[in-house]
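Have a look at the sequence and the model, then read on.

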Amino acid sequence: MSQADHWLLQVSGLRCASCVNKLESGLQQQPQINKVGVNLSLNLLDLQWQDKGDAKALQTWVAELGFGLQQEQWQAELTQVRCAGCISKIEQRLSVLPGVLSAQVSPVNHQLQLDYLAGSLNLDQVRTELQQLGYPAAAQVEEESPAEPAKGQAFWPIGLGLLACLPLVVSMYADWFGLHWMLPNLWALLITTPVFLGLGWPFFVGAWRSLTHGQFTMDSLVAIGTGTAWSYSLIMTLLGEQDHLYFDAAAVIVVLIRLGKWLEDRARLASGQAIRALMALQPQQAWVMRDGSWQVLALAEVQLGDQLLVKAGERLPLDGLIIEGQSELDESMLTGEPHLQLRGPGDTVYAGTLNQLGNLQICASSSASDSRLQHILRLVQQAQMSKPRIQALINRITQYFVPGVLLLAAVSFLGHWLFNDLNTAIYASVAVLVIACPCALGLATPTAIVAASTAGARMGILVRDMAQLESLAKVDTLVFDKTGTLTQGQPQVMHSFRPAKASSPTATGNNSTSLQLALAIGKQSDHPLAKAVANWAEQQLASNEADDDSSAHHDTMNHELLQLSTELQQAEAVIGKGVQAMTATGQRVRLGRASWLIELGIELPRLPDEFADLSQSWLCLEQQPLLAFGLSDPLRPEAKATVAQLQGQGLECWLLSGDQQAAVAKQAEQLGIKHYLAELLPQHKQQAVSQLQAKGAKVLMVGDGINDAPALAQADAGMAMGSGTQAALESAGISLMRPNLALIPWARVLARKLQSKIRQNLFWAFIFNVIGLPIAALGLLNPVYAGAAMALSSISVVSSSLLLLYWRPKLDS
């Protein structure tokens, strides 16, 4: 049995024998599957197909049954890739291998990214397929510096070719002025043959490999065109013919196309320079405390929790927490923030940032591959591999482009041969073949994507999903979350309220114990309001201790309540509502929204008027309210101006929040936002976005918390604040690497710049073909000029994209 029809896959979500039965019976119903077995202890799915396996269908079936399949990814740099046709051929061949979910090749750096189901694919088979296709994967050198750029083709053979062709070009142009300086045919043959065969050999090899697989690429066009011209000239020379020979055209065309590819490679390498600069930020070694002394170790040897020393002028090797020292750090390459940031004990710092002043001692909190810098790099590379919607149309065009050009060349040849002569037929058909440039079409969008994602990363705008950046250019409605997005995410308790009456002695115990409960439960949640309550309670407890001049207070404190406030168990965050846990004595303590507690049957007293426009949170023990908190989270300094700017650009702004109606209304009024909804759960936010979309709106959702994740995923474009939760960052296609709302208009400008650049590139790619092909077919275009135009089309597209790398937003953008 071959690996193609027998897969052993890792499956997630299995908990019991019922899960096994559910998965086995569900998959057995699929007619494509012959046999299914599931091993619960190993979490293993043993699958036999009737015929060839379908990875995408299997993944869908398993997901519908409530389980998941482990995926893996393999990346490799491919060699001898020359055009969009090569890429299409590779992607088509690899996509049908067993277990493959997707195969993508970047036209910019020729990087292959293969996503497949773990256990279903033999990578040696992939390497063999690539070798047979003629695009072998480059050897992986682990010791290579991450900043080392890929090697482009050498220039010296092209330079020699240019020198060799110089006499031919001079004689060609001299004929325009009535000077007959044409070289003898034998001399032309001797000069052009080494150039033609030496520089043109890769085109012939590529064309032959494509032909053996039943496909045609740019290599096919060049090989057929120049090969026909040179072969015809050779035959005519051997027959004694002196006129209408094309040795010079064949050689010069090959040299010009190779020169164009060399310039294109140089431009492509330049487009990736910023990403390579990011990769170079992370040092490969670190000072580590081992056995009581500082030692220099490779990053692979550093463990979580290790104590690291970062000297002034050095870059941080890993993410960590400062435990000693204070310094100003340059974080501009990670966040786009140009100003130095003062960091001291207790602050989180990141790999790749530059320590400008004093020495720092940090506790490592990440591995070399799991730092924030590496996360950014992975997201940028993922974005650069993604393809916008228009790329699907371009791929369909390029699929038929080369066969269409071959057909046009054949028609042109036959037409001129029948109605003119053989020389004109060759002249016209060669020009048709060499002016056609599928490469420019293939490079139009990928080079623009690389430039846009790199420019965005430099400004602190991290794009994970290029389709969402494409959508961002078209949005007309902007939906904001409130807490942590429009506000600073650092709420403070402004008022507290303790009910005057209590229904049990436990609830009416000493106020310090209620504070200890508030502190303990508040620390069980990452929500800003819970953190604010915990911080306030801690300050109040410290203040009470300082004011207490004897131990009498502690002696009289209710012992039962002290026990309640320690060792909280079974802590659980109730998304959009609050947090709850069990005390050591088995009593339930809750901190959260009034509406949630009322749903649980807890009777809450009326709060004083000063709580009306504040965020409110209650602390309850079982059914008894202990404390109420009124919190205020100040707006971000740039929030009002940013909202006004976006509204001035024609966007309709909405504010969605889980906070109380009065608090949301107050801050909406401060921001000038007319549309707002309050007291929403996460699913309500998603529904609100969906309803706006149903009315025809193109929605951008901006949020930062786990409760924003469904709405971020629902929106046409989702944008997460860099200070937000991991769930929000993963649900959004765009992340702001520093918490600055002013980046939103900049991101919209970048999105429009990308759309404009793609259209501009497609214009240049099409204009050469649309204008040049008919002229060439009519026999009105010199094949040498056609070859130059072919090279120029790719160069113009790549150079146009490079301009986007140097774009900087204006302050009023």
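## The chain as a whole

Accessible areas here come from the Shrake-Rupley method with a 1.4 Å probe, and for residues only the protein chains shown count as cover. On that basis, the protein chain has about 36,300 Å² of accessible surface, and 55% of that belongs to carbon and sulfur atoms. This is a predicted model, where local features need pLDDT of at least 70, side-chain atom pairs count only at pLDDT 80 or more, and totals for chains, interfaces and linings use all residues. Residues are numbered from 1 along each chain as its sequence is written, and side-chain values use heavy atoms, with hydrogens and water left out.

Helices (H or I, at least four residues) and strands (E, at least two) are DSSP runs, numbered from the N terminus. The protein chain has 28 helices and 29 strands. A residue is called buried under 20% relative accessible area, exposed over 50%, and partly exposed in between (1.4 Å probe, protein chains only). Of the 813 residues in the protein chain, 52% count as buried. A contact means heavy atoms within 4.5 Å; among contacts in the protein chain between residues at least 6 apart in sequence, 69% join residues at least 24 apart.

## Rings that pair up

Rings of Phe, Tyr and Trp (its six-membered ring) pair if their centres lie within 6.5 Å; planes under 30 degrees apart are stacked, over 60 edge-to-face, and the rest tilted. That rule gives seven aromatic pairs. In one of them, the rings of Trp49 and Trp61 have centres 6.2 Å apart and planes at 40°, so this pair is tilted. Trp49 sits in strand S3 (residues 44-49) and Trp61 in helix H2 (residues 55-64), so the pair ties together parts 12 residues apart in sequence.

Ring pairs link Trp7, Trp49 and Trp61 into a cluster.

What lies over the face of Trp287? That would be Lys311, at 4.2 Å from the ring centre. For a charge to sit over a ring, NZ of Lys or CZ of Arg must be within 6 Å of the ring centre and within 35 degrees of the ring normal.

Leu297 belongs to strand S9 and is buried, at a relative accessible area of 10%. Setting aside neighbours within four places in sequence, Leu297 is in contact with Gln284, Gln285, Ala286, Val288 and Arg290. Asp291 lies in the loop between strand S8 (285-290) and strand S9 (293-298). Asp291 is exposed, with a relative accessible area of 79%, and has a positive phi of about 55° although it is not a glycine.

## Salt bridges

A salt bridge is a side-chain nitrogen of Lys or Arg within 4 Å of a carboxyl oxygen of Asp or Glu. The count by this rule is eight. In one, the side chains of Glu129 and Arg93 meet at 3.0 Å, N to O. Glu129 is in helix H4 (residues 123-133) and Arg93 in helix H3, so the pair ties together parts 36 residues apart in sequence. Glu129 counts as buried at 15% relative accessibility, whereas Arg93 is partly exposed at 27%.

Another joins Lys577 and Glu599, whose closest N and O atoms are 3.5 Å apart. This pair links distant parts of the chain: Lys577 is in the loop between strand S20 (569-574) and S21, and Glu599 is in helix H21 (residues 594-599), 22 residues apart. Lys577 is partly exposed, at 23%, while Glu599 is exposed, at 57%.

Leu778 is found in the loop between helix H27 (743-777) and helix H28 (783-805), and counts as exposed at 59% relative accessibility.
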